[in-house]
Amino acid sequence: MNILDLFSSIIDGTVISQFFQGDGWMRLVMILIGCLFLFLAIKKGFEPYLLIPIAFGIILVNILPEIYGTFNADGEFEERGLLGYLHLGVECELYPCLIFLGIGATTDFGPLIANKKTMLLGAAAQIGIFIAFFGALLLGFNFFEAASIGIIGGADGPTAILVSNNMMNAMGGDNGGLLAAIALAAYSYMALVPIIFPPIIRLFTTKKERLIKMEQLRPVSKTEKILFPIIVTITVCLIIPSATPLIGCLMLGNLIKECGVVPNLVNTCANALLYICTILLGLSVGATANGETFLQLETLMIFGLGITAFIFAAISGLLFGKLMCKLSKGKINPMIGAAGVSAVPMAARVVQKEGQKEDPSNFLLMHAMGPNVAGVIGSAIAAGILLSILI
C-alpha cells in the first residue's frame, strides 16, 4: 500500500467523504448553519440558553446521523441513537411541560392581577397565530402543518414545539424537518424582539401616545397571588381541556412560588429542572434538523410565515392598545400592547426602552409585564384551541 492509498483509506474511515456524495453537501451546509447559530447565541446573545444546545444538536446529527437513529423505508425508527432516546421527552410532551413548570416558578403575575384589563392585550396578540395559520393554508400546507406554523406567532418556543409534535403525530411522523424549522423560527424571532419590535411600535403609535404615563399599579395581596393560578387552572382547563398540560404546569409552578411554603421546590423548578429540560429539549430539537429533510423550500416558507405571524401579533396588540387608550381617555399607553406576545420579559423591556426614549422619567416595565405574562397564558390557550379543533 502506497502513501496515497493509505491516505485514501484514512479519509474513507471518516465521515468527510460522505459530504461529497449524493446529498451529503446538505449535511455540510447544516453544520455551517449550526456554527452560525452558535455564533449568534454566544457572540450576539440571541436566546443562548436554547440556541446553544439546538445548534450543537444540529452539528452532531449532521456529522453522525446514527446518533439520532436509523430508519426503515417507511420513515420509522429501526433503532434509536442517544439523541433519539432524548427525543422521547419531546414526543411524550415532557420537556415543554416541565419548562412551563419552571417558567411558572419564575413568573410574577402581580402586574396582570393588578390590572386585569391587560389580559385582553395578551389575547389580542394571539391573532398573529391565526393569521399565519390561514396564510399557511393558502400556501398549500395542510391543516396540521398550518397549525404548527401559526403557533410561532405566540412567541413561545415550548408551546410551538408541543403543538408541532402533536401535529406531526397526527400526520404519522415528521414531515421534512417541520419540528426543527418551527423551533428554530420561534426562538430566532424571540431573540430578535429588540430589533423587530421598535420600528413596529413607532410606526403604529404617535409621539403623544408614547409619552403617556400610566398610574402606579396597586399592591397585590398574597392571597390574590395564591388564588390566581388555582382559578386560572380550573377555569381554562374546564373550557379548553387540550390546554391542560401547559396551563396546569405553568400554574403549578406559579403556585409553588407564591404559596411561600416550599422554597426548595421553587429553587429546583426555577433553576435545575428548568435548565436541565432546556438542554435536553434543545439537543432533541436540533437532532431533527438533518440536512436531507431540513433544507427544503417548505423550511424557507415556514421562516417567512413565522416572521409574518410574529409581526402581526405585535401589531394586533398595539392596535388593541390604541383602542384601550381611547376608551380609557388616555390612561393606557398603547405601547404595552406590543408586549402581549409571550417573549417574557424581553417584549416588556423593549416597551420600557421605547417609552424612556421619549421621556426618561416614564416607567412602563411593570405595566408591560401584565400583557406580557398574559401572552404566556394566551399562547397556551391558543395551542389548546388548535389541538382541540384538529386532533
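**Aromatic pairs.** I began with the rings and found eight aromatic pairs in the structure. Rings of Phe, Tyr and Trp (its six-membered ring) pair if their centres lie within 6.5 Å; planes under 30 degrees apart count as stacked, over 60 as edge-to-face and the rest as tilted. Phe109 and Phe228 have ring centres 5.1 Å apart and planes at 40°, so I noted this pair as tilted. Phe109 lies in the loop between α6 (94–106) and α7 (110–114), and Phe228 in helix α15 (residues 222–239), so the pair ties together parts that are 119 residues apart in sequence. For helices I used DSSP runs (H or I, at least four residues), numbered from the N terminus. Both Phe109 and Phe228 are buried; buried means under 20% relative accessible area, exposed over 50%, and partly exposed in between (1.4 Å probe, protein chains only).

**Ground rules.** I am reading a predicted model, where local features need pLDDT of at least 70, side-chain atom pairs count only at pLDDT 80 or more, and totals for chains, interfaces and linings use all residues. Residues are numbered from 1 along each chain as its sequence is written, and side-chain values use heavy atoms, with hydrogens and water left out.

**A second pair.** The rings of Phe133 and Phe143 have centres 6.4 Å apart and planes at 45°, so this pair is tilted. Phe133 belongs to helix α9 (residues 127–138) and Phe143 to helix α10 (residues 143–150), so the pair ties together parts ten residues apart in sequence. I also checked Phe133 itself: it is buried, with a relative accessible area of 8%.

**A cluster and a charge.** Tyr68, Phe71 and Phe77 form one aromatic cluster. Over the ring of Phe77 sits the charged end of Arg80, 4.1 Å from the ring centre. My cut-off there was NZ of Lys or CZ of Arg within 6 Å of the ring centre and within 35 degrees of the ring normal.

**Core.** Which members of the largest nonpolar core touch the most other members? Of its 116 residues, they are Phe109, Phe197, Ile247, Leu281 and Val351. (Such a core is a set of buried Ala, Val, Leu, Ile, Met, Phe, Trp, Tyr and Cys residues joined through side-chain atoms within 4.5 Å.) Leaving out residues up to four places away in sequence, Phe109 touches Phe228, Leu250, Met251, Asn254, Val373 and Ile377; contact means heavy atoms within 4.5 Å.

**Helix packing.** The axes of helix α20 (residues 346–358) and helix α21 (residues 365–390) come within 8 Å and cross at roughly 145°. Axes are lines fitted to C-alpha atoms, for helices over the stretch in contact, with angles from 0 to 180 degrees between N-to-C directions. Among the residues making this contact are Met346 and Val351 of α20 and Leu365 and Met369 of α21. I then turned to α9 and helix α19 (residues 297–327), whose axes come within 7 Å and cross at roughly 145°. Here Ile127, Gly128, Ile131, Ala132, Gly135 and Ala136 in α9 meet Leu305, Ala309, Phe312, Ala313 and Ser316 in α19.

**Single residues.** Is His87 buried or exposed? His87 is buried, with a relative accessible area of 3%, and lies in the loop between α4 (82–86) and α5 (88–91). Its contacts, apart from neighbours within four places in sequence, are Tyr68, Leu179, Ser284 and Thr288. Last, I looked at Ile279 in helix α17 (residues 263–286), which counts as partly exposed at 46% relative accessibility.

Key:
Helices (H or I, at least four residues) and strands (E, at least two) are DSSP runs, numbered from the N terminus.
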